[in-house]
Amino acid sequence: MSAPIILASTSQYRKQILAKLDLPFSCCDPRVDETHLADESPEELVVRLAEAKAKAGALQYPQGLVIGSDQVAVIDGKIIGKPLNHETAVKQLTASSGKVITFYTGISLHNITSGHNDSRCETFKVHFRHLSPQQIEHYLSREQPYYCAGSFMCEGLGIALFERLEGKDPNTLIGLPLITLTEMLAKQGYDVLAQK
């Protein structure tokens, strides 16, 4: 019997991505302070928060493998997260127009029984089209991606904002790099392809 899989996230997008692996899992709310520390790089930030979420989730279960994940985007060297409102989303998409934006996604797998923690950072680059103010307004009114880092949902209409995508795993852009997660689970003796 394999260890239970626990996703330390309330994100419906991460739940949908993890469901692609067709394995049983439960979810919990890790309740972690996501404040960016001074002089913290994007990689350091997302790895620290992913680890914190996995470890917070581990406190809620007696055993299992807990997955934590966090994501930020970087525009012109500045870390940005979820816009949370229309005005900030307009600013983020205006700043992204015609540029290459790098997304950093931290992923952490915590084994409750052994205490072993494996954490990594995956990057993904998005090449934005040149966007007019009208296109930005029209997109935001249709999709309202206010709880998505970078102000778009690439699994929906947001894909029309881009010229091209560059990275190892398109799931990384949505917030959970499945290729890396599969490798991490295998190192803990959990073979995704061998599960029934």
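Me: Where does Thr 172 sit?
Reply: First, a heads-up: this is a predicted model, where local features need pLDDT of at least 70, side-chain atom pairs count only at pLDDT 80 or more, and totals for chains, interfaces and linings use all residues. Residues are numbered from 1 along each chain as its sequence is written, and side-chain values use heavy atoms, leaving out hydrogens and water. Helices here are DSSP runs (H or I, at least four residues), as are strands (E, at least two), numbered from the N terminus. Thr 172 has its place in residues 170-174, helix H5.

Me: Which residues of helix H1 are buried?
Reply: H1 covers residues 12-19. Its buried residues pack against E1 (5-8), E2 (25-28), E3 (65-75), H5 and H6 (178-187), going by contact, which is heavy atoms within 4.5 Å. They are Tyr 13, Arg 14, Ile 17 and Leu 18.

Me: At what angle do H3 and H4 pack?
Reply: Axes are lines fitted to C-alpha atoms, for helices over the stretch in contact, and angles run from 0 to 180 degrees between N-to-C directions. H3 (residues 86-96) and H4 (residues 133-143) have axes 10 Å apart. Their packing angle is about 135°.

Definitions and conventions:
Buried < 20%, exposed > 50% of the residue type's maximum accessible area, 1.4 Å probe, protein only.
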